[in-house]
Amino acid sequence: MRLQHWLIVLFTGLMALILLGINLVMYSMSSGYRQHNFFLSLENSSSVVASAVLQQEKAEDYYAVKNSILQHLADEEEYIIRINKERSQITFPPSLPLEESFYWEAISNGRARRYENGVHYVGLFREDIDGTDDILVISSARDVEGDAYRKRLKTTLVIAFLSGVLLMTLTTVFFSKRLFGSMVKIIKKVNSINAFNLNDRLEKEHSLDEISDLQDTLNEMLQRIETAFKSQQAYVSNISHSLRTPLTVIVGEAEIALSHLEQGHPAAYSLRMVMQETEKLKHIINTLLELAKSERQEQGQGWGVHRLDEIVEVVQEMVGKMDKSYKLRMDYNKFPENEAMLYVYCNEALLTLAISNIILNGFKYSDNQQVMLKIMADGGKVKLQIMDSGIGIPAAELDKIFDPYFRASNTANYEGFGIGLPLAMKILERHKGTIQVSSRVGKGTTIDVVLPAVHAVQGT
Ligand code: ADP
């Protein structure tokens, strides 16, 4: 369960329990007080009856007082039980639903109270000093008004409880949304920051102090990471630069040496291998260099209008130099009749690098099997489709393959660094293009690269 929901349930539950407790205490105190008063009225009544029985000559006066002064209670009844001084052979009225303990409690304590099935019972014991028997007066009555009062109180408290819980739930939801809304925004933003947009910062929200403290802390941390990352990029960039020249020299020298060898010379194979591997190394270094530069580069130098199929030819040549066994098959089925539709505004070197990264992946992850390439154009877009029949990408990992340094779980037997695709995407984004991947494990991968055609860009 998410912390936000957990907090709402916990807080509302806790408040509901407290409210329930308060309501129960209020109900029992109020109802107890009411019952106590009713017992007192009943005892007054019993007391007058007892006096009337003990002083028979004034009995009428007592009853007159009772009728005129004392409150008349609903269903009021009196039972008089004579109890001999030895307390033997006592018979208690069988019609009353009272246990014997009630009578003995009244006899020994002078009074007893019971509440049975909505009826109040009071037992009042009086000694008759002059007479032979003492008397026990049992009075019973219903507290009709009290019952109605309790019913009203119950309804009021239930309504108060439900409205209280509702109000508290709404308040908790409101405040937790405010609190966690900011947190969710922070989480989303932090999740969207990667090696390519390390200069992004969290937008300051002037909400809760702790939240803005958290934003400050994260922003400061991002600043430190960016600084460290930049110095590392500069380092990689310098090294890549320094490595590129000797590699170009190696390839050039190997080519010259190869041209001097007779056909079928045993060293020719070794020289070709040196050239191939050096080309691969150059490609890796170029990728690293572009990755390091990707943050700083703007459109401008090196940008121009080119035909996409010509760029693909450059890629073909480049890939061919890396391994002669790479078989790139062109599918011209959907090739546009009007070749003017193939022009894109691009940085040739960058676009070549992006497309070659995708194609080289196709070869790598299909163990050098054939990779199919299709060029299409329509609706102001130029589309390049690259298909292989390799190992594919697990569905659950498809959305991660553009994260820098991510490698799918089925690539353990293949070399790689996880920078080719993120860089390709970054480059295509800079060209206002898109890249989409569909793949099935064990069947293959299809990558669609879409770029705006030049006339479409001009038209916008
Ligand atoms: P890597 O150097 O690992 O190939 P990339 O950035 O080029 O790095 O690709 C990222 C991940 O995407 C790869 O590790 C692999 O899991 C997956 N991937 C990319 N292209 C393919 C493909 N054609 N077939 C299968 N998996 C691929």
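The buried residues of helix 9 (420–430) pack against helix 6 (266–293), strand 5 (303–307), helix 8 (348–364), strand 10 (434–440) and strand 11 (444–452). This is a predicted model, in which local features need pLDDT of at least 70 and side-chain atom pairs count only at pLDDT 80 or more, while totals for chains, interfaces and linings use all residues. Residues are numbered from 1 along each chain as its sequence is written, and side-chain values use heavy atoms, with hydrogens and water left out.

Helices (H or I, at least four residues) and strands (E, at least two) are DSSP runs, numbered from the N terminus. Contact means heavy atoms within 4.5 Å. Buried stands for under 20% relative accessible area, exposed for over 50%, and partly exposed for in between (1.4 Å probe, protein chains only).

Nine of the 11 residues of helix 9 are buried, among them Gly420, Pro422, Lys426 and Arg430. After helix 9 comes Lys432, with a positive phi near 60 degrees.

Elsewhere, four strands form an open sheet in the order 1-4-3-2, paired antiparallel; two strands pair if DSSP finds at least two bridges between them. Strands 1 and 2 are at the edges with a single partner strand each, so one side of each has no neighbour in the sheet.

| Edge strand | Residues |
|---|---|
| Strand 1 | 74–84 |
| Strand 2 | 111–116 |

From one strand to the next, the twist averages 15 degrees. Strand 3 (119–126) and strand 4 (133–142) run antiparallel and are joined by seven bridges. In this pair, His120 lies opposite Ala141 of strand 4.

Technical notes. Axes are lines fitted to C-alpha atoms, for helices over the stretch in contact, and angles run from 0 to 180 degrees between N-to-C directions.
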